[in-house]
Amino acid sequence: MNNMNPAWHLTANADTNPDETQEWRDALLSLAASEGPARVRHILDELARVARSQRIGWQPELNTPYINTIAVEDQPAFPGDLAVEERLASLMRWNALAMVVRANQAYGELGGHIASYASAADLFETGFNHFFHARSESHGGDLVFFQPHSAPGVYARAFLEGRLSEADLMHYRQEITAPASGARGLSSYPHPWLMPDFWQFPTGSMGIGPISSIYHARFMRYLTHRQLLNCEGRNENGVHVDKRRVWGVFGDGEMDEPESMSALTLAAREKLDNLVWVVNCNLQRLDGPVRGNGRIIDELEKLFAGAGWNVIKLVWGSDWDGLFARDTSGALVRAFANTVDGQMQTFAAKDGRFNRDNFFGQNPELAALAQGMTDEQIDRLKRGGHDLVKIHAAYAAAAAHTGQPTVILAQTKKGYGMGAAGQGKMTTHSQKKFDETDLIQFRNRFNLPLTDEQAKGLAFFNPAEHSPEMRYLREHRAALGGSMPRRETACAVVPVPAIDAYAQFALKADGKEMSTTMAFVRMLGTLLKDPALGPRIVPIVADEARTFGMANLFKQVGIYSSVGQRYAPEDIGSVLSYREALEGQILEEGISEAGALASWTAAATSYSVHGLAMLPFYIYYSMFGFQRVGDAIWAAADQRSRGFLLGATSGRTTLGGEGLQHQDGSSHLVAATIPNCKAYDPAFAGELAVIVDAGMREMLVEQKDVFYYVTLMNENYANPDLPEGAAEGVLKGCYRFGHYGPVDAEQRVTLLGSGAIFTEVVKAARQLAEQGVGVDVFSITSWSELARDGVAQEGREAGAYLTQLLVSSAGPIVAATDYVRAVPESVRAFMPEGRRFHTLGTDGFGRSDTRAALRAYFQVDAASIVKAALHSLAPLGRGLG
């Protein structure tokens with residue numbers, strides 16, 4: 001069991017004066033008995049200070065013994081009917097198992113998971129029966145992030161509640177074929193896009209749920225402090241209403257993901273006592289132990305305690321209480337301290353006889369503890385995460401704790417109750433097939449009211465309507481606001497001001513030089529002053545506000561801080577000084593794109609999570625969006641987010657000196673893959689204004705489930721007025737910008753361009769015109785919207801919008817962007833028949849130099865566009881084609 005070197009262990013911890021040590025112990029115990037824990041803590045703190053001043057090189061261990069944090073005598077009385085709750089949990093387990101196994105008997109390719117929910121069922125059920133509030137008239141609703149592989153268990157509970165039918169359960173992971181049978185297909189994991197009235201939060205991509213839960217908890221504080229929505233506990237007409245909480249049930253293996261750990265200190269720093277994580281420590285990930293040669297609970301305890309969280313260890317069930325009470329020598333604690341998780345999993349997979357011989361048989365003290373217990377009693381000794389009484393005590397302590405977020409480290413067995421078919425086995429994660437013997441054993445293990453034939457036939461079990469179980473289930477959920485998870489979308493429309501009120505300077509730019517980033521910040525500053533819309537705007541940056549010229553907003557609306565501003569900033573005398581405030585509006589997230597995106601998602605889903613529409617604008621270096629946190633953006637899309645992502649310093653050549661890691665040439669390619677993301681690459685402030693205005697109306701007034709990705713440039717150049725009637729084309733993705741050269745020229749060419757390269761396209765048009773070539777120029781504001789329209793119009797008489805628009809032009813077509821060629825290539829299929837199409841882009845890695853040098857290098861400057869146009873005009877076979 002113990003691979004440590006015993007000799008080293010004794011040397012490192014040798015007690016050179018046991019008598020004196022005992023005197024110190026006795027003194028401490030006497031102090032505790034006479035003056036209580038507070039006095040003991042004071043003395044220990046004082047001794048630690050003295051030790052530090054003497055440079056003794058000691059500090060307290062962050063690990064506590066491998067036992068429950070909450071002592072038996074501190075457990076509150078269990079407020080429910082334990083027998084009924086255990087029966088309900090058993091029914092959930094069975095129906096979840098039947099759902100997955102049935103699907104795989106019919107279609108072996110569907111997959112599914114049983115073992116994760118088998119380990120987490122009691123953790124879920126305690127929450128459902130006693131803690132997870134749904135939204136109601138008296139409560140704003142808790143936010144619950146469910147462990148994704150446990151989704152079958154959530155469906156199983158919804159079935160008993162009457163929210164899902166037996167036909168629905170029969171179509172688990174069959175979302176396309178289900179409607180033909182009059183059923184609803186159930187998604188593999190929590191997916192709000194696929195089940196928009198059911199799931200609130202997508203958690204299927206490991207690590208995204210944990211970081212998202214932290215920023216949702218912080219966003220609730222933000223709403224409260226800005227007096228937009230009270231998410232804290234309150235008294236109304238003498239009735240106390242619990243504060244809203246964020247609960248997250250996550251796996252111990254999931255904690256390996258960087259996103260899971262990256263915001264722990266934020267949660268502690270912000271004192272988010274509205275946040276509770278339950279880490280299901282079944283000690284096993286997909287392929288094997290999470291920490292085979294160590295103890296994941298010990299590791300996580302150190303990590304969370306060091307980050308400033310309140311840690312509650314829920315390790316052993318009530319059956320162990322008597323063993324610990326009889327263990328006066330501490331043999332159990334020592335044995336657990338020397339048993340690694342890999343061995344603990346072996347104990348989980350084996351029977352009572354094996355555990356008697358190999359765990360309790362390690363020494364006479366342990367063997368004595370097991371005397372009088374049958375092998376079956378040893379086999380049924382519960383880990384803490386399977387004991388409803390212990391779980392309730394841990395949850396109650398977490399809900400009562402103030403000043404810190406809480407994590408409950410709950411030890412469970414993966415595949416609990418699956419016996420020889422999968423409990424604790426290496427293969428249990430993917431176990432989805434049971435033979436008849438396994439099914440009967442599972443039935444017997446949980447005393448399920450099923451006949452042999454029903455068990456073998458995987459019959460779903462639904463208790464009688466007026467049975468004690470069903471009455472209990474409904475009463476407890478009614479007391480907590482009704483069924484959940486439940487996604488709601490009703491929220492009031494937020495009026496959007498007329499575009500002239502905030503963007504007239506952009507629509508009538510009259511040749512003024514500005515960057516589209518400058519134009520956006522100016523629009524934003526004005527929108528923030530609007531009495532209706534302004535308070536709902538959430539500006540978000542990742543430590544780059546000054547880079548994007550947003551420093552003027554510091555004083556206008558302030559930077560949100562849960563403690564206000566406790567210092568005088570160095571630049572306090574400056575007009576653009578740094579200002580933090582409790583009611584601050586800007587979320588300045590530091591150097592964390594993942595954190596900023598999580599904040600954006602919290603704000604972008606506020607309409608459904610809180611019934612309060614907010615409008616987030618997250619502006620960032622475009623290279624650090626889809627490339628760095630693309631998975632989180634995909635999850636936000638699944639969650640039906642509404643808001644603006646603004647990729648500033650966009651394109652591969654606009655950010656000259658920064659080089660490869662900063663220069664974006666692919667974000668529009670990735671954005672095009674997200675169905676509900678509308679991506680635009682405007683060249684001018686007027687185009688940008690039209691896009692922002694349309695986006696606000698689509699999301700806040702029409703309340704459509706879309707979000708906008710808009711790229712912005714930091715390059716200053718002259719901005720023309722937006723042509724009359726161009727707004728419709730801007731939103732569709734293209735409009736005619738102008739004609740250069742002779743109208744009746746013998747040689748004609750058509751140029752398309754977007755964003756940072758459009759000014760080079762216009763230069764090229766003028767140079768071609770000087771050579772007698774007639775040039776039609778079109779501004780492309782969205783390649784992806786044009787491509788989507790083209791696909792949607794295939795087979796229809798009208799044809800693609802881009803095709804119709806280009807029919808009015810003539811000659812070969814040359815397209816140039818600051819992105820890889822695949823971006824403009826996406827519209828090749830929609831060129832008018834018989835027209836040659838050549839694309840220019842910035843394929844390859846970026847590098848540092850001036851904009852002019854970079855554009856010449858990637859061949860997207862005016863000279864390269866002219867060259868490509870002339871080659872395209874050459875007789876067929878000689879051009880670039």
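**Helices, cores and salt bridges in a predicted model**

Helix H8, which covers residues 208-225, contains 18 residues, and the distance from its first C-alpha to its last is 26 Å, close to the 26 Å expected at 1.5 Å a residue. The model described here is predicted. H8 is mostly covered, with 17 of its 18 residues buried. Gln 227 follows H8 and has a positive phi, near 60°.

Just after H29, Gln 703 adopts a positive phi of about 55°.

The largest nonpolar core has 91 residues, of which Phe 617, Phe 644, Met 696 and Leu 751 touch the most other members. H29 supplies the largest share of this core, ten residues. Apart from this core lies another, of 71 residues, which includes Phe 124, Leu 169, Tyr 395 and Ala 410. In soluble globular proteins, nonpolar side chains tend to be buried together. The surroundings of Phe 644 illustrate the packing. When neighbours within four places in sequence are left aside, Phe 644 is in contact with Trp 600, Leu 615, Pro 616, Phe 617, Tyr 618, Ile 691, Val 692, Gly 695, Met 696, Met 699, Tyr 708 and Val 710.

Helix H2 (18-35) and helix H3 (37-53) are the elements that give two or more residues to the patch. Leu 28, which is located in H2, has a relative accessible area of 37% and is therefore partly exposed.

A buried loop residue is found elsewhere in the chain. Ile 114 is placed in the loop between helix H4 (82-106) and helix H5 (115-130). With a relative accessibility of 7%, below the 20% cut-off, Ile 114 counts as buried. Its C-alpha atom is separated by 5.9 Å from that of Leu 97, a residue 17 places away along the chain.

Charged side chains were considered next. The count of salt bridges comes to 43. In one of them, the side chains of Arg 157 and Glu 125 meet at 2.7 Å, N to O. This pair links distant parts of the chain, since Arg 157 belongs to helix H6 (residues 151-160) and Glu 125 to helix H5, 32 residues apart. Both Arg 157 and Glu 125 are buried.

Two further salt bridges involve partly exposed residues. Glu 465 and Arg 474 are joined through their side chains at 2.9 Å, N to O. Glu 465 is partly exposed at 48% relative accessibility, and Arg 474 is likewise partly exposed at 32%. The side chains of Arg 828 and Glu 825 form a salt bridge of 2.8 Å, N to O. Here Arg 828 is partly exposed at 36% relative accessibility, and Glu 825 at 25%. Salt bridges that share partners also connect Glu 125, Arg 157, Glu 161 and Arg 163 into one network.

Several features of the backbone complete the description. Most residues other than glycine have a negative phi, and most peptide bonds are trans. The peptide bond from Met 484 to Pro 485, however, is cis, with omega near 5°. Pro 485 lies in the loop between helix H21 (468-479) and helix H22 (500-507). Arg 55, although not a glycine, has a positive phi of about 55°. Arg 55 is found in the loop between H3 and H4 and, at 75% relative accessibility, counts as exposed. Leu 458, also a residue other than glycine, has a positive phi near 55°. Leu 458 is situated in the loop between helix H20 (452-456) and H21. With a relative accessible area of 1%, Leu 458 is buried.

How values were computed. Residues numbered from 1 in each chain as written. Predicted model: local features only at pLDDT ≥ 70, side-chain atom pairs only at ≥ 80, totals over all residues. Heavy atoms only, no water. Helix = DSSP H or I, 4+ residues; strand = E, 2+ residues; numbered from the N terminus. Buried < 20%, exposed > 50% of the residue type's maximum accessible area, 1.4 Å probe, protein only. Core = buried A, V, L, I, M, F, W, Y, C linked by side-chain atoms within 4.5 Å. Contact = heavy atoms within 4.5 Å. Salt bridge = Lys/Arg side-chain N within 4 Å of Asp/Glu carboxyl O. Expected span 1.5 Å × (residues − 1).
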